[in-house]
Amino acid sequence: MTNRRLSNSTLQALPALAAIPGYDRDQIVPGIVHLGVGAFHRAHQAAYVDDCLAAGETDWGIVGVSLRSADTRDALAPQDGLYTLAVRSSDSESLRVVGSILSMLVAPEDSGAVLAALTDPRTSIVTLTITEKAYLRAAGGGLDTAHPDIVHDLANPQMPRTAHGFLTESLARRRAAGIRPFTVLCCDNLPANGATLHRLLVEFAALRGTRLATSGDARLATSGDADLARHIADEVAFPSSMVDRIVPATTDADRTRISGQLGVEDAWPVMTEPFCQWVVEDDFPAGRPAWEKFGVTMVGDVGPFEDMKLRLLNGSHSAIAYLGLLSGYETVDRAFADPAIRQFVDGLWAEAIPTLPQDAGLDTTDYTAQLAKRYSNTALAHRTAQIANDGSQKLPQRIVASATERLSAGAPPAHLMLVVAAWIAACEARGKSLPENHFTDPLDLALAALGTRQLSAGEAVAAVFDLAGFAKGGAERLTLIDLAAAHLERLRQGGVAFALAALGIRSE
């Protein structure tokens, strides 16, 4: 294969099987800064923006920012930001080169360049996909003020490390320069994600204002003032959004296959499924692309759509991941093909659906039918270990919220609580039946310490609930612990088949 890279200079020579950007990239102006340029962003928001650019909306190019690693920048910079999006079903694949990412920055290398991009008057929207754990929330849902990066950013506002620090400092600079604030659009799986980020940022700005007011450090005081929290609270828009597309990790085999089809090397193509959904609250004072022309649903309230996705898709995804890992399945399609796991997912949906708003026009029958089709897609090879990451951050909104509401309504959440137990069992299995670092969690050190204490199932579940803050302060907490403990005991004794049999589910 040729040693040439995918780039602006090789774009026109690509074979006809690959669609290429239908616009002059030299004429595109950056209008969006995206924090967290991972595979999901490149399969989702960047593709929607690419459609808008092709339609002539040239003011919405993306400046991508990596808050941690330089890997994406190092892969895409030699390619002028171009990459291949491979849309795969069980029997077909289409290739599309996406050109909406104009440049890439790496925050730890040059925080000043990131702040300059955020402060640029042309920047009207800042989008985020930084994963749930990067919002640095404490167990109670507020800001984790003891986190080292939060402590650093409060002390060093002009050299931030966190999304909170970058957003707050750039908003302070824009305000001082008389530049209209950008709109902050969270695209992560957080409950009421826009409102959640808004609350966290106001809290961060208030702490920063207090520090500036009391520090007596004129150097620090130049970057903000005590009124910044009020400015962010009252004058910066934080619409919520719901995103949905399955994006498995790219493998070396994917890179080789895609590069072979293109005739040039693509260092980081992205694999995804045909299905794609984006629901966005329409609150963009500084303007936005006409996303609705390309399938984005613009609404007044994203809450019902978000709940449906979190509880039916994300909840079942976690269930398939943990039960699949414990059953020896490496990918979602293989786990979902197990009749017992498939039956369990139906039972999980039956428990979760009644917790959704009944007057919001949600078509849960069609939605779950689409999910079943997506989970059966054999081309994606979506690894169960990838989905299993960060369970302590994901399960509260995916599973525990549904279980709490169901229990308070007088209905048992038996399937829901098995997911929590399966997560704990999968954590316990690492270094035993599963590889030591097969998946990770922010609470891994504390979870590992629990594993050395030889706790009973009940003691282990109660300790994990305390660590993760599950159902904290809720009247249903003890009942949920008892249900999960019974499941965990069965998983320890006889594995997944034994636990499922207690729910009346038997392997065929």
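Q: Which sense do strand 4 and strand 5 pair in, and over how many bridges?
A: In this predicted model, strand 4 pairs with strand 5, which covers residues 93–98, in the antiparallel sense, and the pairing extends over 6 bridges.

Q: And how many residues sit between them in the hairpin?
A: There are 4 residues between strand 4 and strand 5 in that hairpin; within the pairing, the residue of strand 5 that stands opposite L85 is R96.

Q: What about strand 10, is it parallel or antiparallel to strand 4?
A: Strand 10, residues 270–272, runs parallel to strand 4 and is joined to it by 3 bridges, and one of the residues involved is V87, whose bridge partner in strand 10 is T272.

Q: Which residues are on each side?
A: Y83, L85 and V87 lie on one side, while T84, A86 and R88 lie on the other, and both faces are covered, with all of these residues buried.

Q: Switching topic: where is R430?
A: R430 is in the loop that connects helix 17 (414–429) with helix 18 (444–451).

Q: Why does R430 count as buried?
A: Its relative accessibility is 12%, and R430 counts as buried because the cut-off for that class is under 20%.

Q: What does its side chain pair with at 2.8 Å?
A: The side chain of R430 makes a polar contact of 2.8 Å with the side chain of D444; beyond its neighbours within four places in sequence, R430 is also in contact with residues including P435, E436, F439 and L447.

Note on methods:
Residues numbered from 1 in each chain as written. Predicted model: local features only at pLDDT ≥ 70, side-chain atom pairs only at ≥ 80, totals over all residues. Heavy atoms only, no water. Buried < 20%, exposed > 50% of the residue type's maximum accessible area, 1.4 Å probe, protein only. Helix = DSSP H or I, 4+ residues; strand = E, 2+ residues; numbered from the N terminus. Pairing = 2+ DSSP bridges. Polar contact = N/O pair within 3.5 Å; in protein donor to acceptor, adjacent residues only side chain to side chain. Contact = heavy atoms within 4.5 Å.
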